[in-house]
2 protein chains.
Amino acid sequence: MREWELLEHIRQSSAGQPVAFPQVVIPPGDDCAVVRVGRESLLLKVDQVIEGRHVPAVASWRGGPFAAGLSRGAFLDLVARKAVARVLSDIAAMAGTPVAGLASAAVPPAFPGDAARELAEALHRWGARWHCPIVGGDVATFAATHPGPLSLSVSVLGTPHPARGAVLRSGARPGDAVYVTGMLGVSLAPDGLGRHVTFEPRLAEARWLADMLGANLHAMLDVSDGLGIDAARLAATSGVRLELDERHIPLAPGATIANALRDGEDYELLFAASGAVPSVCPATGCPVTRLGNVRDGPPGVVLRAADGSTRDVSREGWEHA
Amino acid sequence: MREWELLEHIRQSSAGQPVAFPQVVIPPGDDCAVVRVGRESLLLKVDQVIEGRHVPAVASWRGGPFAAGLSRGAFLDLVARKAVARVLSDIAAMAGTPVAGLASAAVPPAFPGDAARELAEALHRWGARWHCPIVGGDVATFAATHPGPLSLSVSVLGTPHPARGAVLRSGARPGDAVYVTGMLGVSLAPDGLGRHVTFEPRLAEARWLADMLGANLHAMLDVSDGLGIDAARLAATSGVRLELDERHIPLAPGATIANALRDGEDYELLFAASGAVPSVCPATGCPVTRLGNVRDGPPGVVLRAADGSTRDVSREGWEHA
């Protein structure tokens, strides 16, 4: 059973419910939901990090070993970092600003008390680093008779860009160009760590794009499952065709085009915009690369190779198991 | 290691961080955090429900048996119900109104796809029932090499009472009377289900109390760990002494005073107020019982028996394992 399939269940259940809640502006299906309270629009998002699934498993919480020869504290710091960063990447994908976060942890029966303290402190540290104070938490221990691995869930409340508003996936138009921040591919290192754990959510870059481009920033999402499948999501939601140029895909060191299309967990921003877009975010030095164009046509993503041949890459990506 | 101890880690970590976030009005430690966005005050809370810990464990997700001879769908409905209700009980404890919720689930490797759909639908159904649409979700499957039991985390965004504002734990004053909604004790039935799963979060009662009492509603929390320990939390936070009368504790059918003090999971509202308080909420028929009084003195809770003797009950309650 694939995570995507399950998410679709939740989305469809939600889409199927009668529209009885006027506070829901954007229902599940985009990077964040948008709700309204009084005059304020608010972003909401939850995501998880589970030992053995999203981060390497630990042989024993009492003695390790931990991935890459890290100390327990250093390992927990990375787990907390990824849990906070994943959900903030979705706030960035809406060009939003975090307000506050909530964290819950389910911990193995043998999880030491001082490890729980290290984990809580790490969650607070990473929340503070990205201006998203963790204002609530819950920790529960799995029953000894029904144990499980370390499991974190982080929820975040954010605000959309004050001028541009929330940038959805659905606004790409024929004639736009398609861009991506940073570099793609090989986010998972042989030791189980790597960029999928240590990435920086593109909050500053998203803010800069919305400041600079305003209404010309038409659609955006974060590349979490691979360029192929995520570009196809933007195409499908916007009802457009994306033509990407293989020669322009910015590859991380050691990555191939196949890695960029399929590996996932890059947490870079993919966006469609009209008008001029600089090639570097001045505040962070992050590169911004033009990958291709938005066309009329049946929704999908085609990749044009150096020899001019094209192929459909809209199903290339990492389906979460 | 006790859940309470872990929660204190999170709270202390948070209290220890520099006050660099002006959006945080009430930090972790009350039933909900309060944050500010523009002109709006917002409540935030997360809680979990874990198979084998908060609900009975299932022998096999493919075949059951499920608690009390229920079908899989009926069992999942109760699990989802408790997960949503627990967190809404904390919104009620602030006299708040839910705006929207987020749900994440980590499911066992053998969890069937149609069970995931049933679970998602049940979360939406209970959210809708309590006017808290679930606007985002994530489902992840535990790795087959690192399995775990069904684990739900639900976060909720709410608004405080529009006139009274958020009702904290800290406002009880000498001279107040102490009240509780509903009945206490024996929320756990022999089949593992019972009122701890099927309780109704006291949203309507809390709203009515705040409407009616306004500024005379001084302090409130929900009784989740037992009357003894939860009353002691209200006493400690307010810096007051509570004197409760054993003869006035409203006992659920079959419950003893010891059950009321220690069992926990009643999810009733305990509050301190001045002025007249009716004995029934007219909208729901829920009883409201005066239990005792708020006094000056060292913070704590004493129980006065029928023979006039008193004893300290401030440590009687259920410490989550």
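Predicted model: local features only at pLDDT ≥ 70, side-chain atom pairs only at ≥ 80, totals over all residues.

Visitor: OK, what follows α6(B), and what is its phi?

Guide: B:Gly239 follows α6(B), and its phi is positive, near 70°. Just after α5(B), B:Gly214 also has a positive phi, of about 55°.

Visitor: Why does the span of α6 in chain B agree with its residue count?

Guide: Helix α6 of chain B has 12 residues, 227–238, which at 1.5 Å a residue should span 16 Å, and the end C-alpha atoms are 16 Å apart, so that agrees.

Visitor: How many residues of α6(B) are buried?

Guide: 10 of the 12, so α6(B) is largely enclosed by the rest of the structure. Among them are B:Leu227, B:Ile229, B:Arg233 and B:Ser238.

Visitor: And what do the buried residues of α6(B) pack against?

Guide: They pack against β8, β9, α7, β10 and β12 of chain B. For α5(B), the buried residues are B:Leu203, B:Glu205, B:Ala206, B:Leu209 and B:Ala210; their cover includes α2, β7, β8 and β10 of chain B.

Visitor: Switching to chain A: in what order do the strands of the open sheet come?

Guide: Seven strands run β8-β10-β7-β11-β9-β12-β13, with mixed pairing. The edges are β8 and β13 of chain A, each pairing on one side only. Ignoring direction, neighbouring strands are turned by 25° against each other on average.

Visitor: How many bridges join β7 to β10 in chain A?

Guide: Four, and the two strands run antiparallel. One pair of bridge partners is A:Val180 with A:Leu270 of β10(A).

Visitor: Which strands does α5 of chain A lie across?

Guide: Helix α5 of chain A lies across β7, β8 and β10 of chain A, at about 15° to β10(A). Helix α6 of chain A lies across β8, β9, β10 and β12, running at about 145° to β8(A).

Visitor: Now the dimer side. How many residues of chain B are in contact with chain A?

Guide: 67 residues of chain B are in contact with 67 of chain A. By class, the chain B side has 35 nonpolar, 21 polar and 11 charged residues.

Visitor: Why say the copies meet through the same surface?

Guide: Because 100% of the interface residues of chain B are also interface residues in chain A.

Definitions and conventions
Residues numbered from 1 in each chain as written. Chains lettered and ligands numbered in written order. Contact = placed C-beta atoms within 7 Å. Nonpolar A, V, L, I, M, F, W, Y, C, P; charged D, E, K, R; others polar. Expected span 1.5 Å × (residues − 1). Buried ≥ 20, exposed ≤ 12 C-beta atoms within 10 Å, placed from the backbone. Pairing = 2+ DSSP bridges. Axes fitted to C-alpha atoms, helices over the stretch in contact; angles between N-to-C directions.
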